[in-house]
Amino acid sequence: MNMMSSIAASWTVLGLFMMLGIVFANSYMVNNGNFGSRERKHSVSYKYDRIGEINKECAFVLQSAAELKPDDSRLYTIKEELSFLNGDWWQELNGAGAPLMPFDDRELSGSSIDQRSPLNLVSFWVTDVDRRHQSKNSIFVSGLLQMGITLEGLLSEKPFEGSPRFDIWPGHSQLSINFQGIYTESKKNHGERVMCLLGSTVLPSRQPDSGDPWGWVKEFGYTNQPLLTQDDQMILVLRYPRMLTLASRAIHGSMRSLNPKSNLKYFDEVHMSSWLTTSDYQFTSENLVSRACDPYPYKDSLLNGEIDIYKGLDFCVILERFTHQEALTILPNWKCNGTDEFCSKLGPFVSDKEINATDGSFNNVKLVLQDVRCENMTSKENAGVVRVSSVFRAVPPSENQFTAAQRTGLSNMTLSAEGIWKSSSGQLCMVGCSGFVDGDGNGCDTRICLYVPLSFSIKQRSILLGTLSSIERTTRSYFPLAFEKLVRTAELWDQYTTSHPYYKYSKIEAASAVLEKDEPFNIGTVIKKSLLKFPKLEDMEKFPYSLSLLSEDLTLHIPAAPDSFPSSFPTKTDLELEILSLGPLFGRYWLTHNVSTFKKENPYQDVGEYTEKQLLVNVSAQLNLVGNQYTNFSSLSVEGIYDPHVGKMYLIGCRDVRASWKILYESMDLEAGLDCLVEVVVSYPPTTARWLVNPTARISIVSQRNEDDPLYFVPIKLQTVPIMYRKQREDILSRRGVEGILRILTLSTAIACILSQLFYIRDNMESAPYVSLVMLGVQALGYTLPLITGAEALFRKAATEFNENESYDLQNRQWTRVIDYTVKFLVLVAFSLTLRLCQKVWKSRIRMLTRTPLEPHRVPSDKKVLFSTLFIHIVGYILVLIVHYVNTSYKPLQTAHFIDSTGYTHAIREWETELEEYLGLVQDFFSFLKSPIPNPYFSEEYEFVNPRMDFYSKFGDIAIPIVAILLALAVYSAEMELREA
């Protein structure tokens, strides 16, 4: 096999191995959502070689230990029941104390606005229970403790059980300790379960006679970090309740150093807290619940008959689904008229400096429900009664809510709760106990009322709402604290939807006034209605399904920029317009909906013709603006009318201004603490004539208040990036298929032409040296670029976006994949044949040179062509940079970033982006010959060359075909001149 054939074959094999390598790399890197290799299995032998020390140091535990019964089932569940994750630990240092481990807080000290506080987390695993050495009142056990100080992350993965270790990096420190000891059950404290363990670990030694024992932490790279020293003089005592109840939920822990205070390994006592998670909950606190909820239902401010409440039998299923890994929003006390101290308190919780900094607005302060447990009462007199227990945790603004939902420590930021729910009223009434609770129920002085609404309106968008209030009205120290969870369309399914939630429109007349003001009668409006088509109801016979499809088209999740700036304005806002209801449809249409309900409310049922006014559709939505520009104006509840003739929604918006509670109490024109004097108009692009009309949506938000009103805001006008409707996204598939077939045909023709050139050169070798190698190289490069850059990324992006649509699934279109792979295979074949043609031309020139070694000038050379081509493209790229600088000189400097597969962030230099776009433009010139179809995709998100940046605009769609035609005419005229000559 000759050299060029080997190169072509090697290139093909290399490409295949690269593809296989990517597949295998992906299979290695992703394992059940975790990055890294699969978990290594190993066996560890547990030694109990400190029995004498354990008996000595744990004598105080053994003195009160009760006799263990061999048939007690709890002895066989020690591993599962007594392990816990992500509890809290703390030390009472009181200034000049001896902390356990250092922490690098440079991430906090380097920023004055970073209000985060590090979390002290602890996890414990019982690793072995040795029943072979079981005594009358104790069992030998081994355990592994991991403690950490971290700004983010959890301690949920058990570390390696071999050697203990200490790790530190900026924002995180962690220490693992191996323990061995005894398990006992005490005669005291209602038979609590106790473990007394001796530990062994490695600690960073402190520097003697120093005010800062770990000064090396402040140095770059920890260059002067001392050696880790072995320490086996520490004792851990963990106390577990015998039963899991409201008053006995907590796990208490204490770890002390057995070294003298003069020893550099000594540390002050460490306290720990967590709660039992695997034991069965015992509902034994009827007296405390009755104190908070008797008479039931408790008459709070929410139980006033204005809101329909869920009263079905699946309350607990719905509660767990809406609260699992989800956070509730805490509302400011805008109705409070007391002192600042009284009105700004976070209910029964103890606020830290970060929460106090919100000044009573509780901005971004969240509430999470953990460990929700339910028990249906089975007696006839208690039919429809459910007993519920849970833990409420207040989350500061800087703490990750998903991290908070995994924590198990009890503190003054938690409430252990137990109560009842009855289907007769739909109210969940609970008693809440702050922090640690004793057997007498001291601290259980909070009443919790929670509801799941079924009716929604512009003033009521909560799918969960409730209050925390003091049981003692005479001595209450805080104003009742309200919380809610806003409804999301994606959650409206399953048992909740079968209860038929609905929306009550109340702003239609006000929205009609906005319509009349915005849409005066003129000839332009008539022409627009007659020529352009906008999203509308498509099938009146399938009314609910058509409403659901229209809701999808009207929903927007897309970047937007101020309308006064060009579409290339770099600072964009993420705009979210989630359609909540459309006509009688609430949420989306599922097969579980009662179709008869829609038949009753279908205005087009049995109507042959209908007026324009009848085609207007009532609509409600949630409008969110995510970005630093609109921090004081981030969310609007909107309601109004959608006019399918002109593609506009005329809405009245209610803005949540309850955060300004000091001012709002005296305001008289608010509706439930909401500013509803807001007009919103959303203009959608047409579904037709996208070539003539810019396919962007426009949003206008205007205050109806006077400019001197404190709640007045400057009008907001936004324009989105180009959007695609459901059918247009579907058209991508059909057009993709047509383009794919056309590519196959053109590539097949190109392959046939290359083969004909190879056969011609074989029979006419004297003409081979005169074929341009630069031309063949450019042609080979044109075939290579799609293989390297992935020309089909355009469609892959569109498929990714469209796959989120719940009505269609692009992955089922297997035939498009077949076309893709066929195109790539043909491109590879064309590339290989082009290399073969290059090989023949190169060899023919070598042979020609050997025949006339003294006349090398007779051998054709491509040097001038090569340098001319390089010069043209270098100059072209420099012109691109100049044009880019001129066009973007008014824009603020921005640095683009991308995240690689390992999670690291890399900055993208501006010249790299321009080079990529320039190569894309060059590739478009070459691709025109393979697929002469203008680019039909407008959105910046789908473009390889951004059509709205710099001079590109519509340049490619117009210039590329013109240049291709001119070149074809030039080649044709040159050939004709040669023939005539």
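Analyst: Cys 316 and Cys 374 form a disulfide, with their sulfur atoms 1.8 Å apart. This is a predicted model.

User: Where do Cys 316 and Cys 374 sit in the chain?

Analyst: Cys 316 is in helix H7 (residues 315–323) and Cys 374 is in strand E13 (residues 366–376). The two are 58 residues apart, and the pair links distant parts of the chain.

User: Which hand does the link of Cys 316 and Cys 374 have?

Analyst: The torsion about the S-S bond is about -95°, so the disulfide is left-handed.

User: And Cys 316, buried or exposed?

Analyst: Cys 316 is buried, at a relative accessible area of 12%. Cys 374 counts as partly exposed, at 29%.

User: How many disulfides does the structure hold?

Analyst: The structure holds 6. Counting the bonded cysteines in sequence order, they pair as 1-2, 3-8, 4-7, 5-6, 9-10 and 11-12.

User: What about Cys 58, what does the link to Cys 196 look like?

Analyst: The sulfur atoms of Cys 58 and Cys 196 are 2.0 Å apart and form a disulfide. Cys 58 lies in the loop between helix H2 (51–57) and helix H3 (59–62), and Cys 196 in strand E8 (residues 193–204), so the bond ties together parts that are 138 residues apart in sequence. The S-S torsion is about -80°, so this disulfide is left-handed. Cys 58 is buried at 0% relative accessible area, and Cys 196 is buried at 1%.

User: Cys 433 and Cys 444, left-handed or right-handed?

Analyst: Right-handed, with 105° about the S-S bond. Their S to S distance is 1.9 Å. Cys 433 is in strand E16 (residues 428–434), while Cys 444 is in the loop between E16 and strand E17 (446–451), 11 residues apart. Cys 433 is buried at 0% relative accessible area, and Cys 444 is buried at 1%.

User: Changing topic. Which residues does the "transmembrane region" annotation cover?

Analyst: The unreviewed UniProt entry gives residues 740–761, 773–795, 815–838, 865–886 and 951–972.

User: What is the chain like over residues 740–761?

Analyst: Residues 740–761 are 100% helix and 0% strand, with end C-alpha atoms 31 Å apart. Residues 815–838 are also 100% helix and 0% strand, and their end C-alpha atoms lie 35 Å apart.

User: And Cys 753, what is its relative accessible area?

Analyst: Cys 753 has a relative accessible area of 43%, partly exposed.

How values were computed:
Residues numbered from 1 in each chain as written. Predicted model: local features only at pLDDT ≥ 70, side-chain atom pairs only at ≥ 80, totals over all residues. Heavy atoms only, no water. UniProt positions renumbered as here; feature names shortened; annotations may be inferred. Helix = DSSP H or I, 4+ residues; strand = E, 2+ residues; numbered from the N terminus. Disulfide = S-S within 2.5 Å. Buried < 20%, exposed > 50% of the residue type's maximum accessible area, 1.4 Å probe, protein only.
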